[in-house]
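Work through the exercises below with the sequence and the coordinates open beside you. Each one sets a task and then gives a solution in steps.

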Amino acid sequence: MIEPLFSRGRILLWLGGLAIAIVLPLVFSKGFAVSLLCQMGIMVVFALSYNMLLGQTGLLSFGHAVYYGLGAFVTMHALNMVGKGGFPITLLPLAGGAAGMAAGILLGYVTTKKAGTTFAMISLGIGEMVAACSLMFPGFFGGEGGVSGNRVTGKGLFGISYGSQTEMYYLIAGWAFVCVAAMFALTQTPLGRMANAVRDNPERAEFVGYDPQWVRYLMMVLSGFFAGIAGGLTALNYEIVTAETLNAHTSGVVLLMAFVGGIGFFYGPIIGAILITIMQIAIGGITKAWLFYFGLFFLFMVLYAPGGIASLLTVQRRLWVARLWWPLLPGYLLVLPAALVSLAGIVALVEMGYGLLEQEGTGEHAVHLVGLSIDAASGAAWAGAAALLAAGLLLVRWTWGRLEVKWNAALSALQNPGGAA
Amino acid sequence: MSGVALRLQGVQKSFGKSAIIRGVDLEVPVGERHAIIGPNGAGKSTLFNLISARFPVSTGRIELKGHDVTGLKPFEINRRGLSRSFQITNLFHNLSVFENLRCAVLWSLGYRYSFWHRLAGLRDVRRQAEQVMEELGLAKRRDTPAGILSYAEQRALEIGITIAGGADVILLDEPTAGMSNTETEDAVALIRRVTEGKTLMMVEHDMGVVFGLADRISVLVYGQIIATGTPAEIRANAEVQEAYLGTAHAGDDGDE
């Protein structure tokens, strides 16, 4: 069997992705939407660079924002230095990449000495250290206010000035496409494969001639490079970089993106980055309880879909190919409304709770939900919401119980295609 | 290359106060099939771990093909042509059979840490991995993750990873442990085939396998080699009879 890197299906997938990236800002052309798309593109690169460590090499990092943040700061300083012209802005994210890579070369040497829990702890420690430095050296990190610049002062390649957000989007999309392709290509090289081997069994890797420490280190350095490029894009996109880009919260978000998307699949973090960016900006714009929902969502994924969204999709696709998907559809259609009812109950409870906290002392108790105005101080509203949630959960349990039998049968049929049903 | 493949001089190993290997001297000529036998807890696996540098020796010297390799790292020793298998299966469990073997040949073909070669384009790597896969009889399981293979298949893959890189000194730690009679026969045939022309050192409990396969046998008892010789010599050795062979049929599956 041959393994073409550029099979027809794969080429179509890449071209399709590229086409979508080109067309998206034409469809969603509002300023808000284009900003959202920009943030997505940046996060896709960042989350994929993170998964080079977690999914591919088995390194759970709690400090990946360091490489992203340093890339952002260095790019911003570079922008301010070349501001008078000369170096094209288009290539400026490379400065971020170089910074991330340099940080990987220096810090990675310490962090990748060990794998497992030790690596996780050292990465956390280094992350805190660098975050502390960002407040100690205001000359470089700009203190509380951060460092800002103006991307339009320079000239881009082909005379593009990146004055508009849409032009900026295409810069991000271009870099993101190149980075995603490069990171994918890396998974198809000897180093990429040995990273998987080191993840699975570092000891055995040693006995086939590889130094697992060196494999981890190289992956760290390359991952730092891509994280730095993502940081550079952030700097150009927002024209301001604050200490928040390299703190533990940013490290946490990228972990969640990769995990929710699915660390076992190359494309998992892409899904995670896009989904969570949408949630962050879209839901975050509607409700103050966004982080609460995010936490709940993450818990749900860890408990019920630890392989992430990518693994859910992959199972559905395999069921579809094996012609086992259609019989499950009625079950899905029953579970879905039940889940929505539960979700409505949760949302009502959370929003009333947040509403009460927010309006404490004002005498106001009204919470506005999808056009409804609910009195959050009334016992009846709480009882109603709780009843909604309880009913929803019971319905989920009942409908899922009916689906589960079929689901398990379908899965075992998938695993033993020749076996008796 | 003729001469000595492996030479151990005064090798000792202690864990804390307990001495496990208490002075082992051994020479294995190039091309020999050498078996290490001994009762449970004699230190057979520890001896393998010292030779392959999984553990550092406490004192003593180990030479591989005439070069001192004492104190080197496992991957350095592997790069000098020594490869080992493990008593407890030690695979890349999430990777497919083919990927396991591919990982095992990459270094030996000179691709090192390359991130500029495309794996799929490396014909020599593919050919060698596929050839080993055929030899193991695992071609049907090419894309199956190693972690869900049957036990006998995992044991075969364990040997496959060990020999795939073309090392000329092979250490096998209980290759037939836990196998049925038929499986053992297959495994012995496999070992015979794939170690043709190579130096083989093996720890084995199955006396049928040992006496059928080995050119020479060393008997390790309580951290020391009490006898080395041809199967006939070992069978006739009174000390060995007393220390080991007489009780060998009492049933011994595990090792230290």
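Predicted model: local features only at pLDDT ≥ 70, side-chain atom pairs only at ≥ 80, totals over all residues.

**Exercise 1: the overall form of chain A**

Residues are numbered from 1 along each chain as its sequence is written, while chains are lettered from A and ligands numbered from 1 in the order in which they are written.

Task: describe the secondary structure, extent and domains of chain A.

Solution. Step 1: count the elements, where helices (H or I, at least four residues) and strands (E, at least two) are DSSP runs numbered from the N terminus; chain A has 16 helices and four strands. The radius of gyration of chain A, 24 Å, is close to the 22 Å that the globule rule gives for 421 residues, so chain A is as compact as a globular protein of that length. That radius is taken over C-alpha atoms, and the rule is 2.2 Å times the number of residues to the power 0.38.

Step 1: take the extent, which for the C-alpha trace of chain A is about 65 × 65 × 45 Å along its principal axes.

Step 2: turn to contacts, defined as pairs of residues whose C-beta atoms, placed from the backbone, lie within 7 Å. In chain A, 78% of the contacts between residues at least 6 apart in sequence join residues at least 24 apart.

Step 3: read the domain assignment, whose bounds come from an automatic or database source; it gives domain 1 (8-251) and domain 2 (322-415) of chain A. The centres of these two domains, taken over C-alpha atoms, are separated by 37 Å.

**Exercise 2: one residue of chain A**

Task: where does A:Leu24 lie, and is A:Leu24 buried or exposed, or in between?

Solution. Step 1: A:Leu24 belongs to helix α1 (residues 8-27) of chain A. Step 2: A:Leu24 is partly exposed, because 18 other C-beta atoms are found within 10 Å. Step 3: A:Tyr169 is 145 residues from A:Leu24 in sequence, and their C-alpha atoms are 10.0 Å apart in space.

**Exercise 3: chain B and its strand β3**

Task: summarise chain B, then state which strands pair with β3(B).

Solution. Step 1: chain B holds nine helices and 10 strands. Its radius of gyration is 18 Å, close to the 18 Å of the globule rule for 256 residues, so chain B is as compact as a globular protein of that length. Its C-alpha atoms fill a box of roughly 55 × 40 × 35 Å along the principal axes, and 45% of its 256 residues are buried.

Step 1: in strand β3 (residues 33-37) of chain B, five of the five residues are buried. Both faces are covered, with B:Arg33, B:Ala35 and B:Ile37 on one side and B:His34 and B:Ile36 on the other. In a regular strand the side chains alternate between the two faces of the sheet.

Step 2: strands count as paired if DSSP finds at least two bridges between them. β3(B) pairs in the parallel sense over four bridges with strand β8 (residues 199-203) of chain B, where B:Met202 is the bridge partner of B:Ala35. β3(B) also pairs in the parallel sense, over four bridges, with strand β9 (residues 216-221) of chain B, in which B:Val219 stands opposite B:Ile37.

**Exercise 4: a helix on a sheet in chain B**

Task: what is the strand order of the open, antiparallel sheet of four strands in chain B, and which of its strands does α1(B) touch?

Solution. Step 1: the order is β2-β1-β4-β5 (chain B). The edge strands, each pairing on one side only, are β2 (18-29) and β5 (67-68) of chain B.Step 2: strand β1 (residues 4-15) and strand β4 (residues 59-64) of chain B run antiparallel and are joined by five bridges; B:Leu6 has B:Leu64 of β4(B) opposite. α1(B) packs on the sheet, touching β1, β2 and β4 of chain B.

Step 1: helix α1 (residues 44-51) of chain B has eight of its eight residues buried, so it is largely enclosed by the rest of the structure. Just after α1(B), B:Ala53 takes a positive phi of about 70°.

Terms used:
Buried ≥ 20, exposed ≤ 12 C-beta atoms within 10 Å, placed from the backbone. Contact = placed C-beta atoms within 7 Å. Axes fitted to C-alpha atoms, helices over the stretch in contact; angles between N-to-C directions.
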